Amino acid sequence: MRFKPWYLLNIVILLIWGCNNKQETTSIQIIPEPLSIEQRNDGAFVINNKLIVQLSDSSMLPAVSLLKDITQKDIELHWSYENEADFVFQINPELKSLSHEGYILDISSKQVLIQSAGAEGLFYAVQSIRQLLPASLDSNTHLSLPSCRITDQPRFGWRGMHLDVSRHFMPITFIKSYIDYLAMHKLNVFHWHLVDGIGWRIEIKSHPELTNVGAWRKVKPGLKPWQEFEVWREGDSEEKYGGYYTQDEIREVVAYAAAKHITVIPEIELPGHSEVVFQCYPHLACRNTEGQHQKNTGVYCASNPKSYQLLEDVLAEVLELFPSDYIHIGGDEVNKKHWKECPDCQKMMKQNAYDAHELQSHFINHFDTWLKNKNRRLIGWHEILEGQLSPSATVMFWASEKQVKEYLEKGHPTVLTTGSHLYFDHYQSMSKHEPIAFGGNAPLKKVYDYEPIPSDIESQYANLVMGVQANIWTEYMPNEEQVEYMMFPRIAALAEIAWQQKDAKDWEHFRNKMDVMLDRYNTLGVNYAHSALRPEIKFEFLAQSQQMKVTIDTELKTQVYYTIDNSEPVQNGSIAYKEPFLLDASATIKAIAVKNGKVCGETEVKDAILHKAAGAEVTLNCQPTDKYSANGPYTLVDTEFGGNKWGNGKWLGILNHDFEAILNLKESKDIQSVQLSCVEATGAGIFYPVSFEVFISDDGKEYTKAGKWQLDKTYQKPWSADVNHRILSVEFDKTSTQYVKVKAIYPHINDMGVFLFIDEVMVE
């Protein structure tokens, strides 16, 4: 399957249909939003218990099969023109301007006419019909469709979801459900991450050790799967974990996806992220100057012909299983250290005048050429651009939104899986009740608001964007229920990004549509996250009045009830939130959300701390990194805490440097304690300070030490994946002062970067 950027619309289509795109209707709410909806008042089409369906060729059968599934009615097929047909499917070449995935759905009281330039568009038209019917129905439900004309086409040709099954294996039954979820949202690419450092999930008959050994790992209590990873071998006493897909199972999945117009893109990692391979074949790792195999860093020896031969053997079988035009080869986060220490790799680099990046390109370009000779295309994560990448290679970009333009201007066809918005392993809300996630913060509205193509980029580079994709990495998703939790409802926002034309999105309209979509998820039994229904309590310090403004919002529509007296909020018995309110002193805010008469999730609790440094002038004597700079120095006195989510944009992150700040309280105040709010996530390189000192001054020039806090532990490997929040406190005799200087010392750890993360300095 070859993908093209369909987002350049035919001007005539925009002029004719664009004006209808924003019509608000009560009965027609479709996700993703169609290009245009024209609702008529000439009577609904009644769906009888037996439907006559007209079609002309077998390519239409997937759409007809879907129609039967969603209506639960008997279907009588007619392969020639039938004036009395209830549903008419037509391939209309004149609709090529809508692409093969676009369609026109024309519903009258007498007949439903579905037209498209391709079978894909007919299928997506039926997916839209699904959303014109009740969320819950059975064979006895009276069904009708509103009279309307829907014209539709997708913005992007690549609309994908990724799933990592290496870290946690997912059964075939769930893989099929996953594909169903994609199809329901008009997504057309399933990126199957079959191979990574701690698990090989695809049967390779020429190298059976890859699954006989590489598909299973030892379970080590108290450690995450990637910590002290070892394969499980016959005779080992430890519990084993894992699994793999046979080639027959993979063929079954590929065929199942094809019937729903979804292309399955396999990923086979190279030259890095392959630790499991070297536990099967240690001879493929680099050697040192003594001829001994080096420590397993998961990177193939680039000078060893056997590395290339193994991967060619693997890919040859992969090509037999996957008919996709693109084959994903990974290529990210390659540790080049051992290449620099391997005599054979050094010799190869010298002969070819390579540096380590160019040696990586040599490896990648070898397989780009190999795949081209097999009439396939190579795609890899954007790190494959290091060195001199083949011009024909395609890039999958996963970094920050801020870097999209920079990478597009390198001139390669690109799929955007932008990590700041489209990594669905990131948190969905600020709530402490969220299950542990990898980090970052990508709530529903942030995902929905994402515009993939930078506004200031030249069209020649914008045209390189093939589409968008969300990624699900399963470090913290041990089962399919948790995958669903992280996938839903954000997949609905992804669908709108991928399908709707630029500047056509409307958040309030989307919120309305999500009420019905959540009902559909309930009917399907999907374990969707309630994150978008959780109350988010926000504080804003008002310097002029010395008060705190409290706002309580939910992303999707609910009724919120709250208390400020530390009592538990209850429906109809507590204060119904209508608008922001003010606090004159510290308080504990508790809130619940109610939808359809039911409380959504747990009570949200947040302390409003109106301390004496709130709104103070701050001089920051250290430089936070750009990525973790929050609201600059004011972050320390804005009364808004980051909680236990270090990637939510509310923290100052200081890398490899002590933290120091001076707070000007603007007038002399009596104080007796200073507190520092910080977070620890050692697995992400974030540590508590080893000490925290407080100094006070009347003039901001001469300072006196008021007290010191000392860390009561030392850090020892392995680092933990847990996230801990702590408020460090220095107390002293009451004293009057205007200036407070705080200094926190970071732990010096050999051969690694160390962050201090701080979000508030409280003075009492």
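**Exercise 1.** How many helices and strands does the secondary structure of the protein chain come to?

*Solution.* The model is predicted, so local features need pLDDT of at least 70 and side-chain atom pairs count only at pLDDT 80 or more, while totals for chains, interfaces and linings use all residues. Residues are numbered from 1 along each chain as its sequence is written, and side-chain values use heavy atoms, with hydrogens and water left out. Taking helices as DSSP runs (H or I) of at least four residues and strands as runs (E) of at least two, numbered from the N terminus, the protein chain comes to 18 helices and 36 strands. Its radius of gyration, taken over C-alpha atoms, is 29 Å, close to the 27 Å from the globule rule (2.2 Å times the number of residues to the power 0.38), so the chain is as compact as a globular protein of 764 residues.

**Exercise 2.** Work out where Tyr450 lies and whether Tyr450 is buried or exposed.

*Solution.* Begin with the chain position: Tyr450 belongs to the loop between helix H14 (444–449) and helix H15 (459–462). Next, consider the relative accessible area, for which buried means under 20%, exposed over 50% and partly exposed in between, with a 1.4 Å probe and protein chains only; Tyr450 has 1% and is buried.

**Exercise 3.** Identify residues that Tyr450 touches.

*Solution.* With neighbours within four places in sequence left aside, the contacts of Tyr450 (heavy atoms within 4.5 Å) include Glu401, Leu416, Thr418 and Lys505. The side chains of Tyr450 and Thr418 are also joined by a polar contact of 2.5 Å, that is, a pair of N or O atoms within 3.5 Å, one able to donate a hydrogen and the other to accept it, where residues adjacent in sequence count only if both atoms are side-chain atoms.
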